[in-house]
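Biologist: I am new to reading models like this one. Please take a close look at a single part for me, and then carry on to the rest.

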Amino acid sequence: MSDVQILAGPYSHSGASVSRTMGLVLLALVPSTAFGFIQFGWPSIYLFLVTVLTAILAEALCLKVAKKPVMLHIMDGSGILTGWLLAMTLPPWAPWWIGAVGSIIAITLAKQAFGGLGQNVFNPAMVARTVLLISCPIQMTQFLGPQPIFAESAPDFLGGLAITFGGHPEIDAITSASLLGTIKTELGRGEVLQQILAQSFDLRNMVIGFAPGSMGETSAILALIGGLFLLATRVISWHIPVAMIGAMCALSGLAHLLDPSHFPSPLVHLVSGTFAFAVFFIATDYVTAPGSPLGKIIFGVGVGTLTFIIRTWAAYPEGVAFAILLMNSTVPLIDTYIKPRIYGRTRKGDPIKLKEAKKGEAR
Amino acid sequence: MRLFKIKGGIHPDGRKELAENEKIEQMPLPTLMRIPLKQHTGAPANPIVAKGDMVKKGQVMALSRGAVSATIHAPTSGRIIAIGRFVAPHASGLPEPTITLRPDGEDEWDTLPPPLDPFETDPDTLANRIAEAGVVGLGGAAFPAAVKLNLRNRTELHTLIINAAECEPYITCDDRLMRERAEEIIDGVAIICHTIGVKKALIGVEKNKPEAIKALKKQVAKQDRYDIKVIEVPTRYPTGFAKHLVQILTGLEVPARALTAEVGVIVHNVATTFAIQQAVRFGRPLISRIVTVSGEMITRKGNFEVPIGTPISHIIEHCGGFIDEPEKLLLGGSMMGDPVSSTRAPIIKGSNGILALGRKETSQKPIMPCIRCTSCVAACPCGLMPYEMAARIKADELESAVDIGLRDCIACGSCSFVCPANIPLVQYFNYAKGSLTAKQRAAHKQEETKRLVQFHDERMEKIKKEKQAAMARMKAERAAKKRLKEHEEAAKAKTATPEEASSAPKSEKVRAEA
Amino acid sequence: MLAAIGALLALGLLIGGGLGLAAYYLRVEGNPIAGEIEDMLPGSNCGQCGFLGCADAANALADHKAEVTLCPPGGRDLATALADKLGVEADLSSMKDTGPMIAFVFEDLCIGCTKCSKRCPTDAIVGASKQIHGVVDDACTGCEKCADVCPTGAIAMRKESTTIQTWHWPKPELALAS
C-alpha cells in the first residue's frame, strides 16, 4: 500500500483513524463491561470471550475469502466492536454457542455479505440479537439476578465453565424475568402497573444496574458515562441520543399522564432494558445511521418512537433492537431527502435570492 | 463588532512558528528567469517582446488580452533568450508558453508611469493604472484585481473587505507583510475604498497574528478618511475563503455561483492591497511577491521577496537546500497547495509558499473504506456531504455527484483532513470536476463536428453542382462552336450547292435541342 | 366456480382488448430512440462502423442490430453511454481505451496531394495542392479516413496531447483497503 502515490492535497491530516475511533468506542464500553463481569461472574466472562473471538475469526475468514488485507481490517477494530456489542446484549449465562452463532451471523450475514466495513445496511449486532431472539427465545430470555463474581452463591471459575460450555441444568431455578418482561406479563394478567412496579421496580438498583438483564444493559448510569465520554471525544454527535431520549420521554410521558396504571413513566423506560445502552452505542453506529444532522434527529426520533410502540403494544417486551433495524432500513431514504443546506443555496438546492441575502445585512 | 458563524471548518496545526518571526528578505536574482504568460485567472497575456530583445525592469513584456487577463512585466533588466513552452508551476508538470529572461545583473528600472495622488484621481484612471501594473489577487486564485475593482460599475457596493486571514498552515507571508508594511497596506485600503466608492472597510485577520493586528491598528488610528476596522476573526480553516470571510464579517451569504460583489462586498487580499498601493503611488508593476519557505525539511525557513519568474530550485538553494529528502515538496500551503512537479518551474504571481514537508508532517496512512462517520459533513464549510459525493464518483456517477453539490465544493480539503479512513476526497472531487469539464468539451466538439460536416457536405454539394454546371456550359459552348462552324461550312456550301447542305444543320439542331 | 371463471375471462378479455387498442392507436412510428442515439454519435459519418453514416448506425443500434462498441472514434465513453441508453451490457474488452485520437501529418512524407483534405468530413486538414498539409486538432474527430487514402502513409493517428487547460487530476485508482 505504501507504493500508492496520492497526489492531491491536503497534505495535513488531523490524525484521526478508523482504529482510533473504534478504540475510543471500545474504551467507552469498558465500564459497562467490567460492571457486567463483576455482576454476573465467570460465565459472563466466558461468553464474552467466545463471542468476541468468534467475531474476530469470522471476520478474518471473510476477509481471506474476499481477498482483502486481513490484518489491516482486524486491526481497525470494527469486528471486535461488533462482537463486543453483541456480547453486551446477550443474557450473561447463555450457553457458548449463542455467542458463537450470534457472532457468525453478525459478521458474515449482516456485515461482510454486504461488502464489509462501511457497507452494511443493518447494525450487525442488532441483526444477530434479533435472529437469536426469534430462533432461540428460551436461551435469549433467561435472565438472572445479579450474582456478583465473588459472592458465595456465584459459580467459581470451573462452575462458570460448566454453565457456559456444559449447559447448566439448574439454571432455570435461578432465572428471573427482566423488568420489562415482568411488566408485560403482569399487565397481561390484568394487574395494575402501580402494583407491579411496587414489587419489582427499584429506581436506584435500575440506574446502577443491580437488576436482571443482559450483560451490558443493566446499568443505565455506566452506559451514560460511556456515552458522555464518546460525546466529549467527539466520536458521536448529540443528535441521535437526544432525539431518541426526547421521543421516548415525550411519548411515554404523554401515555403515562393519560393512564398511569397501564403505561410506565419515562423514567422506567429510560433505565430499563437495552435503551440506555442502545442510545449511545447502537443507534449511533456510523454505518447504519443517516449522514446529515437533521437526518440523525429524524432517525433518533424514529427509533425512540418505535421502541415505545413495540414495548407497549407488541408481543415482545423489549423493542430497541427491532426499532433500530426498522429505522436502519429507512436510512437510505432519509439520506436521499434530508441533506444539509449547501452554502449559497436554499434547502431545495436553488441559489438563494439576493433579497434574502440583503435581509442579513439589515440584521 | 459582532461576528457571524460559518458552518464546519477545521483546526489544523498552524505550524506558523517555523517562519513567522523571520523578517522579509530580498531574494537575489537567479541566472535565468522563466515568466509564464498565464499566471492569472483568464486568458494568457499576449507577448510584445521578441527573442533577443533587451528589457528593463518593469517593462511590459506581454499585454493583457480580453476581458479577464493581466499584463506581465519584466522582473529585472536583461535579455529575452526564448519565448516558448516551459514547465509550469502546476501539479501536472505540463509546459506552458513562457518567456525566458537572462538577467544582466544591472537590475535597471524602465521609466515608470508617474505617481498618482489617488484621492485626486478619478476611479477609472486608478483602475486602469492597477490593470497596467498587472496586479492580480495574491491570495492564490490570481484573479485580475482591476476586473474586481471595475465591478463597481455593475453593482452597488457598500463594504470593502481585506482578506488577511491567512488560514493556510505554514504560510506567513501576509503576516510578515502586515507587520513590516502596515502603513502602505492601510494606504492601499484607502485607495481601494476611493476607487470603488465605499466608505467602510473591514480587515479580517485571524487571532493567531497578534503582532500584525497591532501594527495594522496603529496605522488605522492615524487616518480618518475612511471607516477602516481591523477585526480579529477566530483561527479556523477555511476562514480565508472570500465568501466565508464575507459571511463571518457581515453575515451576508453570497448566492451560489455568484460573486461577492452581488451582495455589495468586494474582497481583496492584503498582499494585493499592498501591490495596488505600490502601483498607484509609485507606478511600480507587480514583479515580485513575498513567498514563505517552510517545512521541517528545508534548512533555512523564512519569508522572501521573490522576483516573479525565479525558479523554485534557486530559492531552495538560497535557503541552504534540504536537511533530508522531503516527503512532499509543495507550492502553496499544506491544505490547498499543489505538489511541485519540477523544481525548474518558476514562482508566479499566485505562489505564496514553498513547503518541504517531512514524513512526520504528512504521514500517509492506508486508505480504509468509508465508515460513514460523517466527520466530513461536520467539517465541510459549504454544507456538502463529501462522503456521499466521493462514493458516487467512485462508482463513476459523476452527474449524480453534481446533483448533490459537487459544483459548490471549494476544494478546501477540510473533509480529507478529518477523514479517519484517509480517503482522498479532494482528489475525487478534482477528478470529477475535471472529467466533467472534459466531457463538456467533448460534447462541444461533437456539435462543432456536426456543423463542420454539414458545412463540408454543403460545400461538396456546391462544388459538384458547379462542376455539373460548368460541364453543361462547356458542352453547350462546344455545341455552339460546332454549330457555328457547321453554319459557316453550310454557308460556304450554300454558295456552292444549296440543296445538298440544307439537311445537315437541321438534324444537328434537333439533336442540340434534345 | 363458473362465476369465477367467467369473471376472470371477462377481465382477461377486457385488459387484452384494451392493450390491443392501445397498441393500435398509440403506435409509435419508427424507433424514437434512433434520433437520440444519432445525437450521441460523433456525426462525422466516417463509416468505420460499416454503416452508411451515423444516422444509419443509430437506426441499427436502436434495433439492436449492432454492437454498442461499433464506433471507434467515440471510444469507451460512447460505448458505455450507448449501453446505458439501450439498457444492454457493454462488452468493452474488444475496445482499446486509447482516449480520443487525432490525425498527425509527417511533414517529410507528405507530398501535398490533397487527397486527405478532400476526404476529411470536417475540413480538419488544411493545405493547398503541392503544399505540406496540417491538421486542425480541434476539428479532427479521429475518423482515420485521411490515413486510409494517403498514398505515402504520411498520416498517423496519435493520442490527443494534454495541455494544462485540458489536464485534470486522475481518479484515485488506489489499491483500496476495501
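Biologist: Where in chain C does C:Leu19 lie?

Modeller: C:Leu19 lies in helix H1 of chain C, which covers residues 2–25. Helices are DSSP runs of H or I with at least four residues, strands are runs of E with at least two, and both are numbered from the N terminus. This is a predicted model, in which local features need pLDDT of at least 70, side-chain atom pairs count only at pLDDT 80 or more, and totals for chains, interfaces and linings use all residues. Residues are numbered from 1 along each chain as its sequence is written, chains are lettered from A and ligands numbered from 1 in the order in which they are written, and side-chain values use heavy atoms, with hydrogens and water left out.

Is C:Leu19 buried or exposed? C:Leu19 counts as exposed, because its relative accessibility is 58%. Buried means under 20% relative accessible area, exposed means over 50%, and partly exposed is in between (1.4 Å probe, protein chains only). Now compare a second residue of chain C. C:Leu19 and C:Val136 are 117 residues apart in sequence, and their C-alpha atoms are 55 Å apart in space.

Stay in chain C for a charge and a ring. C:Arg158 lies over the face of C:Phe104, 3.7 Å from the ring centre. The test has two parts: NZ of Lys or CZ of Arg must be within 6 Å of the ring centre and within 35 degrees of the ring normal. Chain B has such a case too: the charged end of B:Arg34 sits over the ring of B:Phe86, 3.8 Å from its centre.

An unreviewed UniProt entry annotates B:Cys380, B:Cys409, B:Cys412 and B:Cys415 as "binding site". These four are spread over 36 residues of sequence, yet they cluster in space, with a largest C-alpha distance of 10.6 Å. UniProt positions are given in the numbering used here, feature names are shortened, and annotations may be inferred rather than shown by experiment.

Take B:Cys380. This residue is in the loop between helix H10 (375–379) and helix H11 (386–394) of chain B. B:Cys380 counts as buried because its relative accessible area is 9%. Neighbours within four places in sequence aside, B:Cys380 contacts B:Lys7, B:Gly8 and B:Pro386. Contact means heavy atoms within 4.5 Å.

B:Cys415 lies in helix H13 of chain B, residues 414–418. At 8% relative accessibility, B:Cys415 is buried. Leaving out residues up to four places away in sequence, B:Cys415 touches B:Cys376, B:Pro386, B:Leu425, B:Val426 and B:Phe429.

Now the strands. Strand S10 (residues 200–206) and strand S11 (residues 227–233) of chain B pair in the parallel sense over 7 bridges. Two strands pair if DSSP finds at least two bridges between them. B:Gly204 has B:Ile231 as its bridge partner in S11(B). S10(B), helix H5 (residues 210–221) of chain B and S11(B) make a right-handed β-α-β unit. Right-handed means that, with the strands pointing away from the viewer, the path from the first strand over the helix to the second runs clockwise.

Chain B also has an open antiparallel sheet of 3 strands, in the order S3-S5-S6. Strand S3 (46–47) and strand S6 (72–73) are at the edges, each with a single partner strand, so each has one side without a neighbour in the sheet. Strand S5 (residues 60–63) of chain B pairs with S6(B) in the antiparallel sense over 2 bridges. There, B:Ala62 stands opposite B:Ile72.

Last, the aromatic rings. The whole structure holds 12 aromatic pairs over all chains. Rings of Phe, Tyr and Trp (its six-membered ring) pair if their centres lie within 6.5 Å; planes under 30 degrees apart count as stacked, over 60 as edge-to-face and the rest as tilted. A:Phe35 and A:Phe210 form a tilted pair, 6.0 Å centre to centre with 50° between the planes. A:Phe35 is in helix H1 (residues 18–65) of chain A and A:Phe210 is in the loop between helix H11 (203–208) and helix H12 (220–232) of chain A, so the pair ties together parts 175 residues apart in sequence. A:Phe35 is buried at 16% relative accessibility, whereas A:Phe210 is partly exposed at 38%. A:Tyr316 and A:Phe322 are also a tilted pair, 5.1 Å centre to centre with 40° between the planes.
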